[in-house]
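Here are my notes on the model you sent over. Have it open while you read, and go through the points in order.

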Amino acid sequence: GTELPASEPPRVDLPRVVAAAQAGATIACVVERRPPLLISRDGGATWSEAGGGLPAGFAIAVAEGAPDRMLYAARNRLYLSENGGVFWRSLPFELPDIEGIAWLDEN
């Protein structure tokens, strides 16, 4: 289907947040600024900038059980990081306007 799993975004006290996702103590926030990501590994106590080369974003997903794996959505392209947001690679397909993303566990 086309339905995303229900999840409550983490509550963060940051300005200009577009989207946020959390897995354990790792929180990733898409923000309206450059660079477009802020990442916390301690539940929001401290933040670091990430994604300097990424375009403006609309959604973020952090894999539960593997918080170094993140998926970032720009308007019509997805970017994957497998090292906690240090390096990103564009996935090789374009999509219609992206409204939300999530990791789905296959059981």
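1. A term to start with: a contact means heavy atoms within 4.5 Å. Among contacts in the protein between residues at least 6 apart in sequence, 31% join residues at least 24 apart.

2. Some ground rules. This is a predicted model, where local features need pLDDT of at least 70 and side-chain atom pairs count only at pLDDT 80 or more, while totals for chains, interfaces and linings use all residues. Residues are numbered from 1 along each chain as its sequence is written, and side-chain values use heavy atoms, with hydrogens and water left out.

3. What is the protein built from?

4. On overall dimensions, the C-alpha trace spans about 35 × 30 × 25 Å along its principal axes. The accessible surface comes to about 6,700 Å², and carbon and sulfur atoms hold 50% of that. Those areas come from the Shrake-Rupley method with a 1.4 Å probe; for residues, only the protein chains shown count as cover. Of the 107 residues, 39% count as buried, meaning under 20% relative accessible area, with exposed over 50% and partly exposed in between (1.4 Å probe, protein chains only).

5. Next, look at S1 (17-23) and S2 (26-31). They run antiparallel, joined by 6 bridges; two strands pair if DSSP finds at least two bridges between them. Alanine 19 has valine 30 in S2 as its bridge partner. The two strands make a hairpin with 2 residues between them, and glycine 24 in the turn has a positive phi of about 65°.

6. Arginine 16, in the segment before S1, has a positive phi of about 60° although it is not a glycine. At 53% relative accessibility, arginine 16 counts as exposed. Then there is the cis peptide bond between arginine 34 and proline 35, with omega about -10°; proline 35 sits in the loop between S2 and S3 (37-40).

7. Which way do the side chains of S5 (residues 59-62) point? Ala59 and Ala61 go one way, Ile60 and Val62 the other, and all are buried. S5 is antiparallel to S6 (residues 70-73), with 4 bridges joining them, and alanine 59 stands opposite alanine 73.

8. Alanine 74 is in the loop between S6 and S7 (77-81). Is alanine 74 buried or exposed? At 4% relative accessibility, it counts as buried. Leaving out residues up to four places away in sequence, alanine 74 touches Pro55, Ala56, Gly57, Phe58, Tyr79 and Ile98. Proline 55 is 19 residues away in sequence but 6.4 Å away in space, C-alpha to C-alpha.

9. Last, the rings. Tyr72, Tyr79 and Trp88 form one aromatic cluster, and a search of the whole structure finds 2 aromatic pairs. Rings of Phe, Tyr and Trp (its six-membered ring) pair if their centres lie within 6.5 Å; planes under 30 degrees apart count as stacked, over 60 as edge-to-face and the rest as tilted. Arginine 69 lies over the face of tryptophan 103, at 4.2 Å from the ring centre; that label needs NZ of Lys or CZ of Arg within 6 Å of the ring centre and within 35 degrees of the ring normal.
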